[in-house]
Amino acid sequence: MRVFRLALAALMIAFPGLVSAQPYPSKPVKIIVAFTPGSATDIIARVVADQFSKSMGQAFIVENKPGAGGSVGTASVKDAPADGYTLVAAGSGPFGINPAIFAKLPYDPLRDFELIGNIVLTPQTLVVGAQTPFKTVKDLVAAAKAHPGEVAYASLGNGSTSHLTMEAFQSAAGVKMNHIPFKGSSDAQTQIIGGSVPVMSDTVPGVLAQVKAGKLRAIGVAIPKRSPFLPDVPTVAEQGYPGFESVGWIGLAAPAKTPKPILDKLNAEIRKMLQDPAVKEKLAQLAFEPVGDSREQFAAFVKSEIAKWSKVARDSGAKAD
């Protein structure tokens, strides 16, 4: 046995490629989520981990590392070994908006990562308290024009997608509103429902329950066509602002220089997963729309998102805390 081990060790030294010739994955894989458990990114990452564990025969384990709008957890993956065993849930905040609002971001989404594929998206939605007189986007704009700087809007925090969406909306509508940031969606929604602030922007999954309960009123969806989860709510574009779009998205990324065969395999697994009827049903229950694009399409999309939000941040002066 000792002779065999020595011979094997000699082979590994002489032919190091033999070590990496094992089929991927040959050990557990970590998916880093840069947000708290229960967040949208966390929920989707756990759906992915569960499906990949079944389809690829190795455990995919979600590890939460929240902080600084997702920057802490995302940055932790940048310097991980580029072997496919540490991945990161690549969301619109850390990969699309943070480059626009942080003066010193500890990573570059395009330089420090390999983008594997976009998994789901969900549009931002303008919602108002049920007690407000606003029934449409036109009503909100009329009030904001009549009272410049007086109509307040809530956000999920400075530099959040919620915040930047409303800054983009003000620019599109030619109005000036008063930003009041809160610490997350639940805090902001409590103020909207209570009547302290009239309007906010949040994702469809974030507001759907309260809209269905009649506590919030959705007045506009920020995608080109109506959401299947809010089919009676017109888009912002339909209401006079063509091209207005703001979506949240969650994909998967790996450290830069991860081997292409591993990246291609993971992208193929995403696409296969999104064809599974059980996964489709789960995502529908969560009010997420599946994507399943190519690696190249995802990279181009992220690049365009960074450019879009950088312009919004420059024009509005929006910055992270």
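**Notes on a predicted model**

Visitor: How accessible is Asp-108?
Guide: Asp-108 has a relative accessible area of 26%, which makes the residue partly exposed. Buried means under 20% relative accessible area, exposed means over 50%, and partly exposed is in between, using a 1.4 Å probe and protein chains only.

Visitor: Before we go on, what kind of model is this?
Guide: The model is predicted, so local features need pLDDT of at least 70 and side-chain atom pairs count only at pLDDT 80 or more, while totals for chains, interfaces and linings use all residues. Residues are numbered from 1 along each chain as its sequence is written, and side-chain values use heavy atoms, with hydrogens and water left out.

Visitor: OK, back to Asp-108. Which side chain does Asp-108 meet in a salt bridge?
Guide: The partner of Asp-108 is Arg-111, with 3.9 Å from N to O. A salt bridge here is a side-chain nitrogen of Lys or Arg within 4 Å of a carboxyl oxygen of Asp or Glu.

Visitor: And Arg-111, buried or exposed?
Guide: Arg-111 is exposed, at a relative accessible area of 58%.

Visitor: How many salt bridges are there in the whole structure?
Guide: The search finds 12. One of them pairs Lys-30 with Glu-63, whose closest N and O atoms are 3.7 Å apart. Lys-30 is in strand β1 (residues 29-33) and Glu-63 is in strand β2 (residues 60-64), so this pair ties together parts that are 33 residues apart in sequence. Helices (H or I, at least four residues) and strands (E, at least two) are DSSP runs, numbered from the N terminus.

Visitor: How accessible are those two, Lys-30 and Glu-63?
Guide: Lys-30 is partly exposed at 33%, and Glu-63 is partly exposed at 27%.

Visitor: Which residue forms a salt bridge with Lys-308?
Guide: That is Glu-305, and the closest N and O atoms are 3.1 Å apart. Lys-308 counts as partly exposed at 28% relative accessibility, whereas Glu-305 is buried at 4%. Elsewhere, salt bridges that share partners join Lys-30, Glu-63 and Lys-65 into one network.

Visitor: Then what does Glu-167 touch?
Guide: Leaving out residues up to four places away in sequence, Glu-167 touches Tyr-153, Val-312 and Ser-316. Contact means heavy atoms within 4.5 Å.

Visitor: New topic: how big is the largest pocket?
Guide: The volume is about 1200 Å³. Of its 49 lining residues, the closest to the centre are Phe-35, Ser-39, Leu-156, Ser-160 and Gly-184. Helix α5 gives the largest share of the lining, 6 residues.

Visitor: What counts as a pocket or a cavity?
Guide: On a 1 Å grid over the protein atoms alone, a cavity is a set of points where a 1.4 Å probe fits but cannot get out, while a pocket is an open set with protein on both sides within 12 Å along at least five of seven lines; lining residues have an atom within 4 Å of a point. Grid points are joined across faces, edges and corners, and a volume is the space filled by probe spheres set on the points.

Visitor: How does the pocket lining divide by residue class?
Guide: The lining has 21 nonpolar, 25 polar and 3 charged residues. Ala, Val, Leu, Ile, Met, Phe, Trp, Tyr, Cys and Pro count as nonpolar, Asp, Glu, Lys and Arg as charged, and the others, Gly among them, as polar.

Visitor: And how many cavities of 30 Å³ or more?
Guide: The count is 1. The largest cavity has a volume of about 40 Å³. Residues lining this cavity include Ile-31, Ala-89 and Ile-119, and α3 and β9 are the elements that give two or more residues to the lining. By class, the cavity lining has 8 nonpolar, 1 polar and no charged residues.

Visitor: Last one: Asn-118, buried or exposed?
Guide: Asn-118, in strand β4, is buried at 3%. Beyond its neighbours within four places in sequence, Asn-118 has contacts that include Trp-249, Asp-293 and Phe-301.
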